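Trainee: I have a model open and want to learn to read its features. Can you take me through them step by step?
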Amino acid sequence: MKIPFSVALAIGVGVVVLLGYFFDTNAAGELTLLGLLRNYFLEGAVAVAGVAVLVGVANLASVHLKKIRSKQNEGYSFLLLLALIITLGVGIFDIIRTYQQVEPGLPHTLWIFEYIQLPLETSLMAVLAISLTYAAARLLGRRMDFLSALFVGVVLVLLLTTLPQLVGRITWLGDLRTWIVTVPAVGGARGILLGVALGTIATGVRILLGGDRPYGG
Amino acid sequence: MAEIRCPMCSQLNPDHLEVCQYCQARLKPLVADSGQAQDDSGLPDWLRSLGDDLPLDEDEAAPLSNEDESQDWLDRLGSEQPEQPENAEPEPLAADEAGDVDWLQDFRALDDETLPEISSPEEPPDQAELPDAVPDWMAEAGLAPTDDDEDGVPDWLERFGETPVESEPAAPLHTSELPDWLSRMGAMEAESQDSVTAEPEDDDHPEWLAEIADQVSPQGADQGLPDWLSEIDGPAIAAADESQDFPEPEIDIPDWLGAEDSQEVEPETAEDANLPEWLAEMSGFSIPEEPAQDLPLEDVQLGEQESRAVPNWLRDMESVVEEDQQQDLGDAWEDYEPPPEPEGIGAAPFVVEDEFSDDLLDVNQLPDWIAEGTEPKDEAGEDALAQADLPSWVEAMRPVDPGAGAQVLGPLETAGPLSGLHSVLSAEPEVAQIKKPPVYSSKLHFTEAQQMRTEMLETLLEQEGRPRPVPRPALISSQGVLRWIVGAVMIILVGLVIATGSQVAPLPQVSTIPIEVSQASRIVQSLPAEARVLIAFDYEPGLSGEMQFAAAPVVNHLMLKAARLTLVSTSPTGPALAEHFIHTVQSQHNYQSGEQYINLGYIPGGVTGLLGFAEIPYRITPISFDGLDAWQAEPLDGIKTLSDFDLLIVITDNPNTGRAWVEQVQPAMPAVPLLAVISAQAEPLIRPYYMPQDAQVDGMVSGILGGAFYERATQVNLAPTYWDAFNIGLVLAVAAILIGGVMQLISLLLAGRAERQGTVA
């Protein structure tokens, strides 16, 4: 029976890491072979993941470059590539200067981040807050049912109980908030976490048994 | 009008008919032309001479049944023959027949005048009138009457006239042994069942012939004999013996008509020994006692030897005929003109026409041995002959006629390859009928309705592949205006609060501080000085406003404790955020990289990276964010594994990231407390790790409110800068939701009332 090499490699490494998780040290506390193999495989995975980030950046650049050539929304793609090139250039410059111990800390890169990226993302999140408020205000007009009303009520309670002035004067609002947060919310969260855990275990077993091959084997 | 009696069914038919109108039997037998030269009278010489010479014995004559039957058979023969002069000399015979008829000529040589008229049977001829002269041939043969003969007739000739003749059972004579002339006599058809004998109508055949018929084996009749002989033998044989197993017939045949093989036939008496040779050859022939059936005299051909003999039957016939009306045989013979012979048949000495239909010599009644040698009739002739009554066993052997009507035939097929057959499966008209196949046009014909539907389907299919144009929204719409209003209001009010730096909103009370916040503060408070704290900055830049306000009191508390911080992140922007947090939010503490804190940078691989960092942190992050050897720096002095840290703080807005840190890293540092500084949206998913008794999360600070609580717990006042704006924002949000909800409800109610009013109207 012909088994692809990638499948065999994936299954073998997965089994070693799993067994190394349980048998990484001996009774004396020394690292076992499985532990060593596991550490080796983990170090390699981290390195591969770092390279994958660079590959992703390159792919992104190629896609937008194709869009520029095909003249399909080429303005945004040009700005993106321009920003990429500038940031990459600045970062490389800062790395060289850091390793030369001339100006460590990557100041220029942090400047771009602090004054361009951080304000932009923060502003987008603030607009999201206004949008969510407007959507909550029109929710009852779009779909008037029990669940919608319940949702809107819970939102109002939580928002109102966030105000310390109101909670100090209306104590049961604080208890209500505590109950909402600790009982229904946590219960739902536990259920989600259990489902996620079981799905993770099933997926792991499928990969170890070769039933699922996300790596394309 | 003259009538003819059918020889088969005995029904009277008009004489002009050829076949019987009842049974379709032939009334008038076919007469074949004879190639043989004959006299103008039609009779052979020997027969003619017999009529002149043979004496008539009154006693030997067989009684006739009626006057019609008493007609001289010879007269009948003579009436059919063309008239010739009385004294016309016979035509000279052929050379080969010259010798054959010598003996007949001897008869002819006798003076006709010397013969008396043939008297009636009741009047025996006067012996004195008989010519004294005896033919020379008879004298030579020793056949002349002797003195012992009382009546002057030789004994041998008397034996011819003996009827019935009690003959000893002679040796069985096969039909193949009979003379040809006797066999040919059997070919004559029976045209009438009328008998010249005195027997009843049902049995009007001569006795001697009947006896012969009884003694003849029926098998002989089936052995290739003509039908007329077979039919003659049928009734007689059936009456005699209905069994199919017939013994070998023993025919009493006079010696002079005996078998050709003279060895088979022994002379019966001593007188037979004196018979001439030609008579001896004919020995073994005996006339049966029972009368035989009428035998037609047609198609009787006399052979060479047979023409010399005078058989007993011939003598008997003469005696029978002369009973009623005696005619001048000589004249009758001379006047006799044989009928014309039918085609394909030889000279027939006896041609039986209508007058001879009831003749004694009915050929159909002849036994089998007589019928031997008779040529079979043609098929056409057989169909024209009358059918005699056959015995049952003969009838049983007759081939079954499918058209006899015994079976009911089914419908007749008239089409297809099976046409003409009955009871076949009727073919489909389309199959049986051979017709030209219809020509179908290759052009597709369809109606207008079909065409319309086709076009409709084609349009739908074309539209399916075409993207639908998105309707452009209106530049100014109510929804857009409302959105702008809400946004503007919120931005303006919050901005004013921030700009003015007001601190109107009170901080939460200490009694209302959650327990997880209190624990967190106690853990941090219990840290020793210059504790090694690992902090994970895993939040997004967009939520940095909330996260910085929530993490600031905690980090500030640590910095107040002179803790050595190790910063790490699993997000690509985490190291940058960490650097910003340390240099902006906690700038008052003036932490320096490599001295008070170390930024290990980004850990790729997500969960795998965290597991690797938990197992081999020095291999996963060997170099800091600013390029320094991290594990040789001051903050990480004495740190080999994560369990060497004093505290782990996870600052994240993503619950999965927080879960990953809890599940992957915390098991590697079980004795190290873990604090979670999380966003308000991640609190529900992280709280389960805090709730249990042996929780993996020892403290939790959730959002801006948690930060405010932590500041109240540590009595650090960092939150007021953002506290009033936070409170104003919450109030505006609540107000917007309430106002919007109320407005939507009112509009729905109004719309419902309008619909009800419209419906009623």
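Trainee: Which helix gives the largest share of the nonpolar patch?
Mentor: This is a predicted model. Helix α20 of chain B, residues 478-500, gives the largest share of the patch, with six residues. The patch covers about 540 Å² of surface. Its members are B:Val481, B:Ile485, B:Val489, B:Ile492, B:Leu493, B:Leu496 and B:Ile728.

Trainee: Where does B:Ile728 sit?
Mentor: B:Ile728 is in helix α29 of chain B, residues 720-760. Its relative accessibility is 31%, so B:Ile728 counts as partly exposed.

Trainee: How many salt bridges cross the interface of chain B and chain A?
Mentor: Side chains of opposite charge can pair when their charged atoms come close. Two salt bridges cross this interface. B:Arg619 and A:Glu43 form a salt bridge, at 2.7 Å from N to O. Look also for a network: salt bridges link A:Asp24, A:Arg38 and B:Glu615.

Trainee: What about B:Glu18 and B:Lys28?
Mentor: Their side chains meet in a salt bridge at 3.8 Å, N to O. Both residues lie in the loop between β2 and α1 of chain B, so the pair ties together parts 10 residues apart in sequence. B:Glu18 has 37% relative accessibility, so B:Glu18 counts as partly exposed. B:Lys28, at 22%, is also partly exposed.

Trainee: How far apart in helix α26 are B:Glu663 and B:Arg659?
Mentor: They are four residues apart, about one turn of the helix. They form a salt bridge, with the closest N and O atoms 3.5 Å apart. B:Arg659 is buried, with a relative accessible area of 16%. B:Glu663 has 30% and is partly exposed.

Trainee: Next, rings. How many aromatic pairs are there over all chains?
Mentor: The count is six. Check two values: the distance between ring centres and the angle between planes. For A:Tyr21 and A:Phe22, the centres are 5.7 Å apart and the planes at 85°, so the pair is edge-to-face. B:Trp723 and B:Phe726 form a tilted pair, with 5.8 Å between centres and 35° between planes. Both of these chain B residues lie in helix α29, three residues apart.

Trainee: Are B:Trp723 and B:Phe726 buried or exposed?
Mentor: Both B:Trp723 and B:Phe726 are buried. In the other pair, A:Tyr21 is partly exposed at 39% relative accessibility, and A:Phe22 is exposed at 55%. Ring pairs also link B:Phe537, B:Tyr539 and B:Phe581 into a cluster.

Trainee: Last, what is the secondary structure of chain B?
Mentor: Chain B has 29 helices and eight strands. Of its 761 residues, 52% are buried.

Key
Residues numbered from 1 in each chain as written. Chains lettered and ligands numbered in written order. Predicted model: local features only at pLDDT ≥ 70, side-chain atom pairs only at ≥ 80, totals over all residues. Heavy atoms only, no water. Patch = residues over 30% accessible without salt bridge, like charges linked within 9 Å, V, L, I, M, F, W, Y side chains within 5 Å. Areas by Shrake-Rupley, 256 points an atom, 1.4 Å probe, with all protein chains shown as cover. Salt bridge = Lys/Arg side-chain N within 4 Å of Asp/Glu carboxyl O. Helix = DSSP H or I, 4+ residues; strand = E, 2+ residues; numbered from the N terminus. Buried < 20%, exposed > 50% of the residue type's maximum accessible area, 1.4 Å probe, protein only. Phe/Tyr/Trp six-rings, centres within 6.5 Å; stacked < 30°, edge-to-face > 60°.
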